[in-house]
Amino acid sequence: MAGVEDFRGRWALITGASAGIGVALARELARHGAKLILTARRQDRLEAVAAELTAKGAEVRTVVADLNDPAAPQRIYDATEGAGLAVDILIDNAGLGQFGAFIQNPIEQELSQVRVNCEAVVHVARLFVPRMVERRRGWVLITASTASFQPLPYFSTYAATKAFDRFFAVGLAHEVARFGVKVSALCPGPTESEFFDVAKAGVMRRGMQSAEEVARIGIAALARGKRTVIPNLMGKSTAFGARLFPVGLIGYFVEKFARPPSKRA
């Protein structure tokens with residue numbers, strides 16, 4: 001039976017590896033003996049994570065890249081698979097969000113969510129997955145969210161991008177399964193990280209789960225080839241509720257709950 005022991009000695013590429021779930025996923029893969037390629041836009045944080053994992057015995061390389069730049073995926077590929085490293089495990093994790101009224105949020109931040117959460121996810125996968133298919137082995141984890149199961153007013157673009165990620169992952173999983181490549185969509189709920197501070201979404205901090213637990217469950221599920229991974233009970237309830245209740249009703253109540261104080265009347 002396939003398990004996490006299959007990751008030992010294989011190169012794993014983790015995007016968004018300088019904070020939050022990305023760091024936790026890197027630690028979890030290192031714990032199972034994978035060799036790591038960490039990529040993120042913040043060099044100082046990336047080097048700190050690399051130093052930590054190297055001190056624990058992991059083989060680690062880093063690639064500084066900002067996935068908001070359309071050229072970044074190719075640079076990451078050229079520095080890794082293109083340089084002779086067979087990347088068998090792809091953790092397509094980098095992402096960002098922006099909380100607030102869509103009509104007032106900075107347009108560049110809204111477009112950045114689409115570029116990083118959607119365009120870069122597709123671009124990175126398109127570069128690395130064909131090599132996995134050629135080798136007849138590989139694992140791909142795409143970080144989606146429980147936000148992908150229903151509309152989220154005041155988080156509208158973010159939720160839409162995560163729905164894209166989830167459906168992309170599941171569709172790709174069906175395409176490449178016959179070539180020995182497993183693809184999973186990881187759908188965490190609110191997770192202890194800097195995400196909510198960066199997104200200015202403190203109102204959404206409910207039922208927080210540790211990034212370490214999310215990573216542990218996600219990596220174990222990836223090894224088994226589970227295609228949709230919801231790592232906590234609240235997230236499973238959210239996904240189940242989205243099937244039971246009309247989308248309009250869900251959107252109505254979420255808007256009431258999430259409406260910024262300045263918009264309440």
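Guide: Helices here are DSSP runs of at least four residues, numbered from the N terminus. This is a predicted model.

Visitor: Okay. Which helix is Glu-212 in?

Guide: Glu-212 sits in α7, which covers residues 211-224.

Visitor: Why does Glu-212 count as partly exposed?

Guide: Because its relative accessibility is 44%, and partly exposed lies between under 20% for buried and over 50% for exposed.

Visitor: Which residues of α1 are buried?

Guide: Ile-21, Gly-22, Val-23, Ala-24, Leu-25, Ala-26, Glu-28 and Leu-29. Just after α1 comes Gly-33, with a positive phi of about 90°.

Visitor: Switching to the sheet. What's the strand order?

Guide: It is an open sheet of 7 strands, ordered β3-β2-β1-β4-β5-β6-β9, with parallel pairing. β3 (60-64) and β9 (228-229) are the edge strands, each pairing on one side only.

Visitor: How many bridges join β1 to β4?

Guide: There are 4, and the two strands run parallel. In one of the pairings, Ala-12 has Ile-89 in β4 as its bridge partner.

Visitor: And what does α5 touch on the sheet?

Guide: α5 packs against β5, β6 and β9. The direction of α5 makes about 160° with that of β6.

Visitor: Now the inside. Which residues touch the most other members of the largest nonpolar core?

Guide: Phe-128, Val-140 and Val-183, out of 38 residues in that core. Elements supplying at least two residues each include β1 (11-15), β4 (87-92), β5 (138-143) and α5 (156-176).

Visitor: Which element gives the largest share of this core?

Guide: α4, with 10 residues.

Visitor: What does Val-140 touch, not counting residues up to four places away in sequence?

Guide: Its contacts are Leu-90, Val-129, Met-132, Val-181, Lys-182, Val-183, Ser-184 and Leu-222.

Visitor: How many residues are in the second core?

Guide: That separate core has 34 residues, among them Val-4, Leu-46, Ala-50 and Ile-91.

How values were computed. Residues numbered from 1 in each chain as written. Predicted model: local features only at pLDDT ≥ 70, side-chain atom pairs only at ≥ 80, totals over all residues. Heavy atoms only, no water. Core = buried A, V, L, I, M, F, W, Y, C linked by side-chain atoms within 4.5 Å. Buried < 20%, exposed > 50% of the residue type's maximum accessible area, 1.4 Å probe, protein only. Contact = heavy atoms within 4.5 Å. Pairing = 2+ DSSP bridges. Axes fitted to C-alpha atoms, helices over the stretch in contact; angles between N-to-C directions.
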